[in-house]
Structure formats: C-alpha cells, structure tokens
Amino acid sequence: MAITEDASQLTHADLPELLKNDTSIKVGGTDIDGIIRGKLMSKKKFLSIAKDGFGFCSVIFGWDMHDQTYFKELKISNAENGYRDIVAKVDLSSFRRIPWENDVPFFLCSFREPEGESLSACPRSLLERQVAKIDKRGWGALAGAEYEFFTFRAPQTSDNGPGNSERNSSATATYLQTNPVNDLPSLEQGMFGYSLTRPTHNQNWYYDIYNTCTKFRCDIEGWHTESGPGVYEAALEYGDIQSMADKAALFKLVVKNTSSKYGITPCFMAKPRQGLPGNSGHIHVSLCDNKTGANLFARAKPDPNSEYDDLKHLSDLGRHFLAGILDGLADVMPIVAPTVNSYKRLVENFWAPVTVSWGLEHRAASIRLIAPPTAPPKGTRFEVRVAGADTNPYLVMSAILALGFRGIEKKMAISVPPLGKGQEVGDSADRGERLAKSLKEATEKFARKGSVAREVFGDDFVEHFAGTREHEVRLWDEAVTDWEVKRYIETV
C-alpha cells in the first residue's frame with residue numbers, strides 16, 4: 001500500500017485506510033530522562049485525536065524515572081496546578097508497527113502547552129526548536145548515534161517460572177532484591193571486542209535485536225561485541241537529526257523489550273561495573289545545505305594557512321560550530337552526563353574524555369573531528385564522545401546543535417589547540433578545562449546566572465532540567481551505599 005511506504009508523506013486523510021485492519025494504536029512521548037511514556041488507545045479514539053492532539057497528564061514532567069514526584073515543585077507539573085493536562089500532538093511521520101506486539105501501529109508525540117505552544121521541557125520539542133533555527137538559514141542537520149550496553153541474565157530459579165519461556169527482565173529485579181549487584185551474571189564473560197564467536201552463544205537474541213530494529217525503522221548500521229563482559233555496541237543508520245533522535249530513543253525500547261523475551265536485561269547505565277570501561281553514547285553531527293545536500297563542514301580545498309593542521313580540511317562554518325561546542329560544553333554537562341553514575345565513567349584512563357578537548361581522529365578527546373584524509377569530504381563531521389548511553393538523545397542532539405549554532409552566529413574562534421597524537425587527556429599539556437566531576441558540580445554550573453545553557457535554551461528549560469538533576473543529587477546524598485557500610489560498620 002503506497003501510503004505506508006514513506007511515513008513522512010502520511011496525511012490525516014490516509015489514516016482510515018492505513019489502519020483499516022487495526023483495532024488499537026499505541027502512542028508515546030519521551031519524558032525528561034528519555035523514557036518513552038505512552039498508552040494503548042482504541043482506533044476510534046485515535047482517529048478522533050490524531051489531528052489536534054489529546055490530553056496527557058503533565059505528571060510525566062513532575063516525577064522522576066521511578067515515578068517519585070520531585071522534591072522541588074517545578075513549573076510545568078506540580079500540586080498547585082493539579083498536575084494539569086498538557087497536549088500530546090501526534091507526529092504522523094513517526095508511524096511504525098511494533099514487531100514484538102503483533103505489529104500494533106505506533107506513533108510518537110511531541111508535548112505542547114494547552115494553548116498550543118511548544119512545551120519548554122519536552123525533549124522532542126526542544127530539538128524541534130533547535131532545528132527551526134538552522135532551517136531558517138537553509139541548512140539541515142544530519143546525525144548518527146552509537147550506543148554501548150552491558151547485558152545480564154539472572155540465574156534460573158523456581159521464582160522465575162517453570163521454564164525459560166517464563167523468564168523476562170523482571171527476573172533480574174527480583175534477583176537483585178536478595179543478591180548483591182556484583183553477583184548478577186553477565187551474559188558472557190571476559191573481554192572480546194568485535195568477536196565473531198561470542199554472538200553465536202546467544203544467536204537468536206543477537207539476530208532478533210538486529211532484525212527487530214530494521215522492522216521498527218531504527219536500522220542498525222553496525223552491531224558487534226564491545227570490550228567487556230556481555231557488552232555490545234550498535235551504530236544506528238545516519239540520517240536527519242530529528243528522525244535520528246527518534247530512532248535512538250526507540251532503539252532502547254527495542255533492545256529492552258526484545259531482550260526481555262530471552263530473560264536478558266540490557267543495561268545502559270554509564271558505568272555498571274567498577275574497573276571496566278563504561279557505556280558510551282557517542283553522537284555524530286554534520287550540517288548540510290537543504291537544497292544541494294552538500295556537507296557544510298567540508299572545505300573545497302585544503303587551507304594552507306590553517307592555524308592547526310587538524311583543521312585544514314574543515315570549513316570556516318565548521319570551525320565556528322566546533323568553537324561553539326568547545327565554548328559551551330562544560331555548561332551543558334548535566335545533559336551529556338545526566339545521572340550520578342555518569343561521572344563514574346568520565347574518569348582518566350578509561351577510554352572516556354575528561355576535558356574540553358578535540359582533535360582530528362582523536363578518540364580520547366571530547367570531540368573527535370572526522371575529516372580528510374581519513375574520511376571523504378562528504379563524511380566530514382564531529383563525534384561528540386562525552387555523552388554516555390544513559391543520556392536522552394533529544395537533549396544531547398539539541399545541545400550539540402544549540403552550541404554549534406551559537407558558535408556560528410558569534411563567529412567564535414577555537415579556544416584550545418587540538419590534542420596531539422598519543423597525548424593523554426587531562427595531562428599537563430592538555431589545556432582544556434576539566435569537565436565536572438559530579439552531577440552536583442555540573443548542575444550548579446548549568447543553572448548559574450548567565451550560563452551558556454540559559455543563553456541557548458532559555459530560563460524555563462534550564463530551571464526545569466536543573467530541578468530534576470537536583471532531585472537526583474538529593475536522592476544520592478541521602479542514600480547509604482554498600483561501600484559505606486562495608487568500610488565503616490566495624491572500624492569507626
């Protein structure tokens with residue numbers, strides 16, 4: 001049927017024909033942590049709200065990832081306004097069918113204020129606002145995402161059900177109620193990156209993830225083991241930045257739901273295991289001309305007078321974009337490292353950046369410039385390597401675009417030299433600012449008066465997001481960890 005071949009061309013008039021054999025539809029949108037919240041509704045209900053949207057309880061912006069209301073009353077949703085309804089606006093171009101739920105139709109939503117304007121804290125809407133800025137210049141943005149994640153599987157017990165078919169990821173949560181975290185078995189043992197053997201140990205799961213992503217329109221370009229026990233990495237197919245953010249959010253949904261059928265729990269925490277590298281969520285970004293498709297970061301001819309040799313193939317526009325990211329990176333750290341655990345990954349000597357740094361093909365830097373001679377001109381782009389797999393893709397991509405566009409608008413110059421080949425990040429020769437070492441430090445910098453975050457996102461978003469991170473910090477400050485009890489129970 002022609003109307004299903006390209007969802008971007010769908011109209012409201014197409015919906016009765018598109019859904020003629022369906023009885024129900026699922027809809028969802030992301031909260032501030034990147035978790036997709038949604039519901040199943042009847043076809044009759046969906047057809048009645050598809051054009052104008054429907055009321056959705058704003059509490060998803062008034063509570064945390066475990067549905068605990070924030071300590072601080074935030075503007076969008078609070079007791080005073082009765083946790084009012086906001087409007088969920090259906091995006092027809094996001095249509096896909098859910099393979100693991102008998103192909104039930106699915107649509108993503110963006111959240112709006114009741115009066116219709118963009119909701120300040122809605123992650124999808126925030127990205128829409130950033131894209132609108134560059135669209136006015138006749139530009140588009142392309143992006144790619146790479147996610148690493150650990151995999152765990154709780155031992156089979158009588159509590160898990162009569163057989164493997166009854167096992168799901170909830171068995172892991174049950175197991176952890178009575179067992180130490182470090183006793184949870186990884187899906188595989190040992191370090192074996194890019195193995196062509198390990199995936200065959202769980203072959204049905206491995207290919208099910210890949211094939212389900214294809215069916216769900218969040219296609220994987222590369223899918224392999226990463227160095228670590230039960231660690232996998234997926235690179236998602238490059239595309240326009242808005243659809244890429246959708247695919248990134250939906251990729252996690254695919255992995256979690258598909259893995260659950262096999263009793264496997266995927267873990268996108270930034271640092272699940274002490275002493276091992278963490279889970280990255282690297283984002284690739286470039287700008288293009290909307291009319292010609294030309295890469296705006298590519299330079300027609302090498303610049304013989306470039307300040308740094310690393311820049312000789314990068315356009316002036318690309319240099320300003322890079323300068324903007326470097327100038328504002330430290331101010332948006334709660335976005336690229338949003339949890340208490342995120343900062344356990346961003347430490348020296350664990351394959352993660354710790355300073356405001358960049359370099360041509362430098363995988364230890366915060367921003368890796370990919371350009372000739374190691375890439376074709378059309379592939380010129382930036383890989384932002386600070387973000388972990390625990391991030392909200394809409395917020396990370398919004399931050400990259402917002403900072404880069406600010407650099408272009410202000411014609412910023414690059415503030416730090418590139419890291420030299422073989423140079424250690426954070427050593428005495430690294431002139432970049434040390435990034436925040438904790439969520440508390442990062443949030444204070446993000447929320448301070450006059451921060452770059454306030455300049456590019458506005459006060460409403462910053463106040464909301466900072467309030468949600470302060471909530472995380474407070475929960476952590478009040479927690480008593482196993483480490484503390486083991487260390488002090490007898491000796492103090």
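Which residue forms a salt bridge with D331? It's R448, with the closest N and O atoms 3.0 Å apart; a salt bridge here is a side-chain nitrogen of Lys or Arg within 4 Å of a carboxyl oxygen of Asp or Glu.

Before the views, some notes. This is a predicted model, where local features need pLDDT of at least 70 and side-chain atom pairs count only at pLDDT 80 or more, while totals for chains, interfaces and linings use all residues. Residues are numbered from 1 along each chain as its sequence is written, and side-chain values use heavy atoms, leaving out hydrogens and water.

**View 1. R448 and D331 link distant parts of the chain.** They sit 117 residues apart. D331 is buried, at 4% relative accessibility, whereas R448 is partly exposed at 33% (buried is under 20% relative accessible area, exposed over 50%, partly exposed in between, with a 1.4 Å probe and protein chains only).

**View 2. D309 and K312 meet in a salt bridge.** Their N to O distance is 3.6 Å. D309 is exposed, at 56%, and K312 is partly exposed, at 28%.

View 3. Across the whole structure, a search turns up 31 salt bridges.

**View 4. Here's F321 with its neighbours.** Leaving aside residues up to four places away in sequence, F321 touches V285, L287, F297, F382, I400, L401, G404, F405 and I408 (contact means heavy atoms within 4.5 Å).

Key. Helix = DSSP H or I, 4+ residues; strand = E, 2+ residues; numbered from the N terminus.
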